[in-house]
Amino acid sequence: MQPDPVAAIVEQWNRERPDLDTTPMLVIGRLFRLTGTLDQRLRPPFGAAGLGSGDFDVLAALRRSAAPHALSAGELSRTVLVTTGAITKRVDRLEARGLVSRAVTEADSRGRLITLTAEGVKLTDELIAVHLDNQRRLLAGLSGEEQTQLAGLLERLASTLAVSDH
């Protein structure tokens, strides 16, 4: 097992400032480090498919929506948790590749409906299988029970943070 750099940082702080409780760093520091590591290890299949950062998120959000796999930019923005401006840039790239199309919405001529094309469905279906296999591989160091426990703890942490935001 590799040395834990977060534990080393905490140990240094404990030595220099024994009056402080540094235990939150053990969780938050590790979460930050893991986020970067996971991003680096999950990104290659998307890059190999010629997708930019966040492009797969848009494709996956559309694919998860019921047929005809179409959402407005606002709906995509809320689903992917980025601004509509970021969605527009991503959709521009995906449309140029023929993976999505845009059409005027029937309800509002100013609105646009973004729809996954047949080629977009095919690519998304291929990539989600690779993505899930990659995630399974990255979590293989934890038992199924540990994965379930961690998922529950992370859900609870996210929930408490959401409540404190209001």
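Two strands are taken to pair if DSSP finds at least two bridges between them. Helices (H or I, at least four residues) and strands (E, at least two) are DSSP runs, numbered from the N terminus. On these terms, Ala103 stands opposite Leu113 in β3. This is a predicted model, in which local features need pLDDT of at least 70 and side-chain atom pairs count only at pLDDT 80 or more, while totals for chains, interfaces and linings use all residues. Residues are numbered from 1 along each chain as its sequence is written, and side-chain values use heavy atoms, with hydrogens and water left out.

**The sheet**

- Three strands make up an open sheet, ordered β1-β3-β2, with antiparallel pairing.
- β1 (70-72) and β2 (100-104) stand at the edges with a single partner strand each, so one side of each has no neighbour in the sheet.
- From one strand to the next, the twist averages 30°.
- Strand β3 (residues 112-116) is joined to β2 by five bridges, and the two run antiparallel.
- Within this pairing, Val100 stands opposite Leu116 in β3.
- Three bridges connect β1 and β3, also in the antiparallel sense.
- Leu71 has Ile114 of β3 as its bridge partner.
- As a general point, strands of a sheet pair through backbone hydrogen bonds, either parallel or antiparallel.

**Helices against the sheet**

- Angles run from 0 to 180 degrees between N-to-C directions, and the axes are lines fitted to C-alpha atoms, for helices over the stretch in contact.
- Helix α4 (residues 55-64) lies across β1, β2 and β3, and runs at about 90° to β3.
- Helix α5 (residues 73-80) also packs on the sheet, where it touches β1 and β3, and its direction makes about 95° with that of β1.

- Contact denotes heavy atoms within 4.5 Å.
- Residues are called buried under 20% relative accessible area, exposed over 50%, and partly exposed in between (1.4 Å probe, protein chains only).
- Thr124 lies in helix α7 and counts as buried because its relative accessibility is 2%.
- Apart from residues up to four places away in sequence, Thr124 touches Phe56, Leu59, Ala60, Arg63 and Leu116.
- His131 likewise has its place in helix α7, and is buried with a relative accessible area of 14%.
- When neighbours within four places in sequence are set aside, His131 is in contact with Leu42, Phe46 and Phe56.

**Salt bridges**

- A salt bridge is a side-chain nitrogen of Lys or Arg within 4 Å of a carboxyl oxygen of Asp or Glu, and the structure holds 10 of them.
- Arg102 forms a salt bridge with Asp92, with the closest N and O atoms 2.7 Å apart.
- This pair links distant parts of the chain, as Arg102 is in strand β2 and Asp92 is in helix α6 (residues 84-96), 10 residues apart.
- Arg102 is partly exposed at a relative accessible area of 29%, and Asp92 is partly exposed at 38%.
- Asp92, Glu95 and Arg102 are linked in a network of salt bridges.
- Lys122 and Glu126 meet through their side chains in a salt bridge (2.9 Å, N to O).
- Both Lys122 and Glu126 lie in helix α7, four residues apart, which is about one turn of the helix.
- Lys122 is exposed, with a relative accessible area of 53%, whereas Glu126 is partly exposed, with 43%.
- Glu16 and Arg15 form a salt bridge in which the closest N and O atoms are 3.0 Å apart.
- Glu16 is exposed at a relative accessible area of 52%, and Arg15 counts as exposed at 58% relative accessibility.

**Nonpolar surface patch**

- Patches consist of residues with over 30% relative accessible area and no salt bridge; like charges are joined within 9 Å, and nonpolar side chains (Val, Leu, Ile, Met, Phe, Trp, Tyr) within 5 Å.
- A nonpolar surface patch of about 830 Å² is made by Val27, Ile28, Leu31, Phe32, Leu139, Leu142, Leu150, Leu154, Leu157 and Leu161.
- The accessible areas come from the Shrake-Rupley method with a 1.4 Å probe; for residues, only the protein chains shown count as cover.
- Helices α2 (23-42) and α8 (144-164) each supply at least two residues of this patch.
- Leu139 is found in the loop between α7 (118-138) and α8, and counts as partly exposed at 35% relative accessibility.
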